[in-house]
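Reader: Hey, I've got a structure to look at and I'd like to talk through its pockets. Can we go through it together?

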Amino acid sequence: MTVVDEVAPNVFRASGTDVNVVILRDGGDLTLIDGGYPGDVGAVEGAIRSLGRGPEDVQGMLLTHAHIDHMGAIVAFHERYGIPVFTDPTEVAHARRDYLEQATGKDFVPMLYKHGVLPWLLRVARAGATRSLSVDDAQAFAASGPLDLPGTPVPVATHGHTSGHSAYHVSHHGVVITGDALVTAHPLSKVRGPQLLPKVFDHGKQDTVAALDHLAVLDAETIVPGHGPAMSMPIAEAVEQARERSR
Ligand SMILES: [Zn+2]
């Protein structure tokens, strides 16, 4: 049974393999934000079904960014049900895999002696981390401001972790879905609480730090990150903590 937390009214967090998936609900219609690893498709479908809905009720899918641990169910549902995929205009080419801004196996070799790295690598490999996936017809957001999708999420450009990373603000409930622009835990991190991912995961560390400015100004007290538990904390305070830890 997939565990689904309702972190705010009609905003749900579900777990894939060490990664989060978010579902926004409006009546019977859903928006899926990120989709876990390829091996998490069943878990994501289970999360949707636990709400009494099916993938065909998903009106649109949003990517925070096109890393493999966020694209799994997005690719599967896009191919099976034709659900449209939207992402930041800059991230569209990454979703198509015109280029890849993602750490690969060799990047982790120098870290293998560190506690927890090998078990994590094996776990995510089983979940499909080494597969190559793409969304060839991902669409750029049509305009700035609230998207015409269930839950009316507002994209927040947070370029850095990847060149076109986007967070999403569900302003009427004070929720921010931060993706990998700010996380609250990771199997390769020793600390818990608001933080950036270990450097190996970021395409551009400096830009990732700078992008925190775009999160800090949001009116949000519920944080749903790409990795780690959801937190109740003003986003400006979380950004401050993440900044401190990145120094
Ligand atoms: Zn990522």
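Reader: OK, what volume does the largest pocket have?
Author: About 490 Å³. Keep in mind that this is a predicted model.

Reader: And which residues are closest to its centre?
Author: The largest pocket is lined by 28 residues, and the closest to the centre are Ile 68, Gln 102, Ala 103, Thr 104 and Ala 129.

Reader: Which elements give two or more residues to that lining?
Author: Those are α2 (68-81), α4 (105-108) and α5 (117-126).

Reader: Which one gives the most?
Author: That's α5, which puts 4 residues into the lining of the largest pocket.

Reader: How many of the lining residues are nonpolar, polar or charged?
Author: For the largest pocket you get 13 nonpolar, 10 polar and 5 charged residues.

Reader: Switching topic: which residues does UniProt list for the domain?
Author: An unreviewed UniProt entry lists residues 18-227 as "domain: Metallo-beta-lactamase".

Reader: How much helix and strand is in residues 18-227?
Author: That stretch is 26% helix and 19% strand.

Definitions and conventions. Residues are numbered from 1 along each chain as its sequence is written. This is a predicted model: local features need pLDDT of at least 70, side-chain atom pairs count only at pLDDT 80 or more; totals for chains, interfaces and linings use all residues. Side-chain values use heavy atoms; hydrogens and water are left out. UniProt positions are given in the numbering used here, feature names are shortened, and annotations may be inferred rather than shown by experiment. On a 1 Å grid over the protein atoms alone, a cavity is a set of points where a 1.4 Å probe fits but cannot get out, and a pocket is an open set with protein on both sides within 12 Å along at least five of seven lines; lining residues have an atom within 4 Å of a point. Grid points are joined across faces, edges and corners, and a volume is the space filled by probe spheres set on the points. Ala, Val, Leu, Ile, Met, Phe, Trp, Tyr, Cys and Pro count as nonpolar, Asp, Glu, Lys and Arg as charged, and the others, Gly among them, as polar.
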